[in-house]
Amino acid sequence: MKTTIYEPRGKAGEYAPLALNLYKGCLHGCFYCFAPSATFADRATFHNPAYIKPRPGILEDLEKQARLMAGESREILLSFTSDPYQPLEKEALLTRRALEILMANNLTVTILTKGGAWGLDRDRDLLTANGANAWSVTLTHDDPDMSEEWEPCAALPQGRIDSLILAKMSGLKTWVSFEPVIDPEAVYRLLEATHEFVDLYKVGKLNYHPLAKEIDWRRFKGEIEERLARLGKPYYLKKDLLEAAA
């Protein structure tokens, strides 16, 4: 039996104690994506529709492992090296089938997606089966044009925000990943726009891009902490941001 649910290490380990990657590749094509290098794939190939597919035997292996883990309370994040609600999911239904297995074994799930609200609208029945489940999205910019520039095939910012509203209305826990921070001012605006229906914020800096050297990380850290505290919002600052701001 392959280990499909695993303990992420390094930067990924700061986001969730367990993780599950269902797809090989991702169509969203984000220019800051770390997954190609993490999976030893060429970036152009990784985001090519011809490359993207369900991981071989993933559901069969998941079913075996989920039975052994039944009742485990640690959250399982979907996904780090792909998106559970990228376009292929509408036909493949891989995420939905995985959720059926996970919920049947009383396991706790956190969705992390840039896919918008359609996935939650479809799978709300499964995601609300466990009161500890969470819905989270990555938000990098509030300008649709900037979003399309950095994340060409992902849902636009408002679509992701709409999914958070729907998740909160459905009784799910919600959180936002402000990572990578591309424009601090956009992050401040996104915080103001979402704080009423988001339970937690996780913040990490931009890495491996020339723009990262132009951002005053110490100033940003101080400003985002002040704003989060003023709004009374729980948050987690990633280690790379803390190191850059030291």
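Which residue forms a salt bridge with Asp121? See the first close-up. This is a predicted model, where local features need pLDDT of at least 70, side-chain atom pairs count only at pLDDT 80 or more, and totals for chains, interfaces and linings use all residues. Residues are numbered from 1 along each chain as its sequence is written, and side-chain values use heavy atoms, leaving out hydrogens and water.

**View 1. Asp121 pairs with Arg124.** Their closest N and O atoms are 3.2 Å apart; a salt bridge here is a side-chain nitrogen of Lys or Arg within 4 Å of a carboxyl oxygen of Asp or Glu. The two sit three residues apart in helix α7, so about one helical turn separates them (helices are DSSP runs of H or I, at least four residues, numbered from the N terminus).

**View 2. Glu89 meets Arg122 in a salt bridge.** Here N to O is 2.6 Å. Glu89 belongs to helix α5 and Arg122 to helix α7, so the pair ties together parts 33 residues apart in sequence. Glu89 is buried at 0% relative accessibility, while Arg122 is partly exposed at 26% (buried is under 20% relative accessible area, exposed over 50%, partly exposed in between, with a 1.4 Å probe and protein chains only).

**View 3. Now for the largest nonpolar core, with 63 residues.** Such a core is a set of buried Ala, Val, Leu, Ile, Met, Phe, Trp, Tyr and Cys residues joined through side-chain atoms within 4.5 Å. Leu102 and Trp135 are among the residues with the most contacts inside it. Helix α6 (residues 94-104) supplies the largest share, six residues.
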